[in-house]
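Subject: Structure for you to look at

Hi,

Here is the structure I promised to pass on. Please open it next to this email and follow along.

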Amino acid sequence: MTATPGLIPRGARNPGSQGALRHLNQERLVEFLLANGPSTQAELARGTGLSTATVSNIVRDMATKGVVATSPVTSSGRRALLVQLTDTGDIAVGVDFGRRHVRIVLSTLGYHVIAEEQVALEPGYDVLGAVGEAAALLDRMLAQGGHDRESVLAVGVGIPGPIDRRTGTVLQGAILPEWVGITRRELEDVFGFPVVVDNDANLGALAEVTWGENRGERNLIFVKIGTGIGAGLILNGLPYYGFLGITGELGHTPVAEHGVICRCGNRGCLETVASTSVMLESLGRGSGTRTAGDILRRGLEKDPAVLRVVSDAGTAVGQAIGNIANVINPELVLIGGPLVGLGDALLDPIRHGIQHNAIPIIADTTTVRVSSLGDRAESLGAAAIVIQGALAGNE
């Protein structure tokens, strides 16, 4: 099976298309098989709510691609067809680049992680040099697992910045400015594999509905609070990318009318009042709080200054989320990033901000909780986007 460079999950541009519907139905079958093991087509139909004809057609297509294997069995005295996920030997690679790290996961098409590693990067790193380090790490991981390079379908790459999905180019506004202008083709040249690149918050959202305990949720917002603040949207079961792919720029939502100028050129954006960088500035250098990890540690120690800074930031984040919630009416808001270990000390102010900015019925029916995947979300989402592209094939 081969992957197409720049593969985009089916339905990303047209959520109402037949291809998007077929993709969603295929994902439902995969999820059921992951949760329940080998099942007959009748059990798949009952468990997913799909018609027997739809299940039969999708199973036939997946069997042709080698994603599932079928065998005749007897069920309740009748002949039936047993369906089970197969290990095709194909590997999806997910790579997450952060300010100080790169994390890589290797996965089968059945959403089973077979290897996972993370290495540190120097702040302000040379991008292509860091990509070279990631490529070397990937080669080592493949060799250690006895996998041929030919088994890699594609490499999904998550970057903290907006991506023009027409060209796979990182645009101005990336929280890591050294990434601006980097293209998918440059990444492919270094990795030596087809690459699909996406914003890290988009991939975090995708991971939540494909890997996490929120698998199958159809309408959610994933918000990553870090040096920058971004959001990934899942609408009607599919990632939402808008026209160019530049969605979820929550950090550039104005929340302070007379606030400071943001790096995007606007005034009073959320990032200027609620990012971890701003929290650290508010606490001051003399406080001994130099990293997000320090904020987390001191917050867990109930340091009053830290809790106040976190509360103010959380309320502002909730304000921005509430405004979006009024538009898309999500069922679930998931919070990711390095401070999620604070639990309710972070979540309660966010809930408070939503309550004060969303209309009551939406505020009361929107659940807010932390990501189920922690710092793995973005790399798992990067692997998931490769898996989805492979399963979609050439439909």
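Two strands count as paired if DSSP finds at least two bridges between them. Strands here are DSSP runs of E with at least two residues, helices are runs of H or I with at least four, and both are numbered from the N terminus.

Before going on, note what you are looking at. This is a predicted model, with residues numbered from 1 along each chain as its sequence is written. Local features need pLDDT of at least 70, side-chain atom pairs count only at pLDDT 80 or more, totals for chains, interfaces and linings use all residues, and side-chain values use heavy atoms, with hydrogens and water left out.

**The sheet**

The sheet is open and has five strands, in the order β13-β12-β11-β14-β15, with mixed pairing. β13 (238-239) and β15 (367-370) stand at the edges; each has a single partner strand, so one side of each lacks a neighbour in the sheet. As a rule, strands of a sheet pair through backbone hydrogen bonds, either parallel or antiparallel.

β11 also pairs with β12, this time in the antiparallel sense, over six bridges. The two form a hairpin with three residues between them. I225 has I229 in β12 as its bridge partner. On to β13: two bridges join β12 to β13, and these strands run antiparallel. There, I234 stands opposite P239 in β13.

Is β11 mostly covered or uncovered? It is mostly covered: five of its six residues are buried. Buried means under 20% relative accessible area, exposed over 50%, and partly exposed in between (1.4 Å probe, protein chains only).

**The largest pocket**

The largest pocket has a volume of about 930 Å³. A pocket is an open set of points on a 1 Å grid over the protein atoms alone, where a 1.4 Å probe fits, with protein on both sides within 12 Å along at least five of seven lines. The volume is the space filled by probe spheres set on the points.

Its lining has 44 residues, and R99, K224, G226, T227 and P338 lie nearest the centre. Lining residues have an atom within 4 Å of a point. Among the elements that each supply at least two lining residues are β11 (220-225) and β12 (229-235). By class, the lining has 13 nonpolar, 19 polar and twelve charged residues. Asp, Glu, Lys and Arg count as charged; Ala, Val, Leu, Ile, Met, Phe, Trp, Tyr, Cys and Pro as nonpolar; the others, Gly among them, as polar.

**Helix α10**

How far apart are the end C-alpha atoms of α10? They are 35 Å apart. At 1.5 Å a residue, the 25 residues of α10 (residues 304-328) should span 36 Å, which agrees. The expected span is 1.5 Å times one less than the number of residues.

The buried residues of α10 include V306, V310, A313, V317 and I321. Just after α10, N329 takes a positive phi of about 50°.

**Two single residues**

A384 lies in helix α13 (residues 377-392). A384 is buried, with a relative accessible area of 0%. S56 sits in helix α3 (residues 52-64) and is partly exposed, at 23%.

Best wishes
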